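Subject: Model for you to look at

Hello,

Here is the structure I promised to pass on. Please have it open while you read, as my notes follow directly below.

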Amino acid sequence: MLQFKLVLLGDSSVGKSSIVHRFVKDTFDELRESTIGAAFLSQSITIHPNDGNGAKDVVIKFEIWDTAGQERYKSLAPMYYRNANAALVVYDITQEDSLQKARNWVDELKNKVGDDDLVIYLLGNKVDLCQDMPGSETIPELNEGEDDEQKVRAISTEEAKQYAQEQGLLFREVSAKTGDGIKEIFQEIGEKLYDSKKDEILSKQNRQINGGNNGQVDIHLQRPSTNDPTSCCS
Amino acid sequence: MDLENVSCPICLKKFDNLQALNAHLDVEHGFNDNEDSLGSNDSRLANGKPKKADPNDNKVQKLKRSHWERLQKGKSRCHACGRTLSNDIGATNCRKCGKLYCRRHLPNMIKLDLSAQYDPKHGKWYNSCHDCFVKRPGYNDYGEAIDLTREFFKVRSIKKEDKNLRLLQLENRFVRLVNGLISIYKKYNGSIIYNLKMNSEMSKLERTVTPWREDRSVLLCNVCSEPFGLLLRKHHCRLCGMIVCDDANMNCSNRINIACLVSAASDLPFEYDAQKDGLLDVPLSIRLCSHCISMIFVGRKFSKDVEMPLSGIFAKYESMQNIFKVIDSLLPVFEDSLNKLKVETTNDPKKAPDAKSLNELARVRNKLLGSFNLYSTLTRQLISVEPRNQIEKQLQNSIKIASAAYINEKILPLKSLPAILNPESQKTNNNGRKDEPEVKKLSQLMIENLTIKEVKELRQELMVLKEQCYLIESTIQDYKKQRRLEEIVTLNKNLEELRSRIHAVQSKLGDNGFN
């Protein structure tokens, strides 16, 4: 089993926690309270690498740090994105500012972490609010009191896509409410991380197999200790 | 010096000659050398010659002594320096107020009548203390002042008028020359006889505008005084007619394009406009000496520059000056109230400084620190502006040095205040426990090395960290119940990290954290 550290960043109320909960518990809460500090969750997925190496399924476990988007918790973020393998930078497609915030996060990540190993995934959330679904006229009637239903798209797919391409980010528009695209994100990240670490993992695996320890295969990804007092951010 | 018209150095009365002044000095001010009219504090002198000379007047001349302070051996002290009076340092009464002084502190002499009142006309000279000397009517520290501003302005206006007339003359010549040259150019431009006619017509016009100096009469350049020769040729300035050289280094004279000249002095009544009439294409230029150039154009360029909006570092410097003024007016207020507070607390250690004045003090201090921050930010911005030339670079450097020195000088007392206050707070703590919180509050307001803003930010971070620490702890408890041991390892790692960070922030905050 592989373990990866994954962190969610983005402006407040763009739906970071909703995405995580959709992924981890496959639930959606209309009235989610805003996150305090950073919440920890974990979930495993299985990927099917087709590299011709026996096509063995690989289980990947994500340690997910869901950070709070509010400004006052900003000082916590470095602790969690440091040594992360992947970062999900989330924005709300109905909120113009949130993309700018997302850009700031991407800049900060690139400055502080360096993007050699880090997979950054730009996510536009809440596509359900702007989808032209058949029979959509009935929905506003049902939820008359809620503002959310009247919202219009403020950030076009093209704009975000172009930005993601410029910065070399993965990009997808998703909906935590409908679950649209959520599974795919983590699958994609898992595959990408597996690809980048494949050689390292396989060599370790081989060494362990050759070493005669056939019963259990235990793989630890090499991550620098987070307690290193000489590291820059402590 | 005009000996015909001398005035008395003491009362400024005018006299026709020195004899009259001398007589006046003798009579009015008592400078007569023959007659010992100087009243003396020295009893030996007083008993001496004048007494013998005027034995009859002796009774009348005795100065009032009833107000004199009695000398008590070993007890009386000099009123100026406080030393015990003795024979060594002398002991004398001020003849006016009667107080006792040592020899050194009775330096002045004033005129007194017999009842020891100041009498500049008929009184006699007696020793007096500095206080009485200064307090006498009509005294001022700087002597008599004469206002000569009016005379100065008179002389100055004559000079100015001369200069203005000269400038007007040059400007008139300049306009005539330019108008004439352009009309000649327009007349012959394009025609066949252009080359033939232009030069002669032009030099004819130039000579009517101003008479040219005779070549042979001049041997030296009018500006740089270099002797002319084969290599240094003579040239005429077309405005003043003087002969100047054409040395490139000295810049004594220059041929300047007519379009440049017209646009540089566009307020003059030219018949042509630099842009409208296409003067930019006119291949004419006029030789001007550096004197005429500075006369006509320097003033114009200056006023143009002044009108232009400030750019780059100058705008920044102006706002720096404004902040500087704010700091300069606030700092004394702050120091005064702080001193007052300090004196109050030292005089009466039991009494706690009231919260109102403390708050006021903290408010002023905050404002000051804010101004200093702004000042240093502006300085940094100013330094980061790309200099346009060498001079601006130099300016930037000097401003940087001056600003750094200023901030260091002014902000040190501001930041070292708690050091002054802390020993006091310890003292009061020993005396009485109950005013401890108040004193602590005072020292808390004077936060040592951190500005209020930094402290706020650090406190916020500490709060967030503690919250998160609690959250993780409770998550660990939950996970323990669920037996999810692998996650607990990760969480424990994070908890450790959080705790070390909390420790770091707390040590940074020092006494300013939460207690």
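**Where the chains meet**

The contact draws 15 residues from chain B and 14 residues from chain A; two residues count as in contact if their C-beta atoms, placed from the backbone, lie within 7 Å. On the side of chain B that touches chain A, helix 15 (452-482) and helix 16 (485-509) of chain B are the elements that give two or more residues. Helix 16 of chain B provides the largest share of that side, eight residues. By type, the residues on this side of chain B are three nonpolar, five polar and seven charged. Here Ala, Val, Leu, Ile, Met, Phe, Trp, Tyr, Cys and Pro count as nonpolar, Asp, Glu, Lys and Arg as charged, and the others, Gly among them, as polar.

**Before you go further**

This is a predicted model, in which local features need pLDDT of at least 70 and side-chain atom pairs count only at pLDDT 80 or more, while totals for chains, interfaces and linings use all residues. Residues are numbered from 1 along each chain as its sequence is written, with chains lettered from A and ligands numbered from 1 in the order in which they are written. Helices (H or I, at least four residues) and strands (E, at least two) are DSSP runs, numbered from the N terminus.

**Chain B**

Chain B has 16 helices and ten strands. Of its 515 residues, 18% are buried, meaning that 20 or more other C-beta atoms lie within 10 Å of the residue's own, with C-beta atoms placed from the backbone. Helix 15 of chain B has 31 residues and reaches 45 Å from its first C-alpha to its last, close to the 45 Å expected at 1.5 Å a residue (1.5 Å times one less than the number of residues). Its buried residues are Glu461(B), Leu462(B), Val464(B), Leu465(B), Gln468(B) and Ile472(B). These pack against strand 2 of chain A together with helix 16 of chain B. Just after helix 15 of chain B, Arg483(B) adopts a positive phi of about 60°.

**The sheet in chain A**

Chain A holds an open sheet of six strands in the order 2-3-1-4-5-6, with mixed pairing; strands pair if DSSP finds at least two bridges between them. Strand 2 and strand 6 (170-173) of chain A stand at the edges with a single partner strand each, so one side of each has no neighbour in the sheet.

Strand 3 (residues 58-67) of chain A is largely enclosed by the rest of the structure, because seven of its ten residues are buried. Strand 3 of chain A pairs with strand 1 (residues 2-10) of chain A in the parallel sense over seven bridges, with Asp66(A) as the bridge partner of Leu8(A). With strand 2 (residues 38-47) of chain A, the pairing of strand 3 is antiparallel over ten bridges, and Ile47(A) stands opposite Val58(A).

The mean pLDDT (the predictor's confidence in each residue, from 0 to 100) of chain A is 80, and 76% of its residues reach 70 or more. In chain A, confidence is highest in strand 4 (residues 86-92), at a mean of 94, and lowest in helix 4 (residues 138-142), at 42. Over residues 133-148 of chain A the pLDDT is below 50, and this stretch has four contacts in the model beyond near neighbours in sequence. Where pLDDT is low, the predicted coordinates should not be read in detail.

Best wishes

Terms used: Buried ≥ 20, exposed ≤ 12 C-beta atoms within 10 Å, placed from the backbone.
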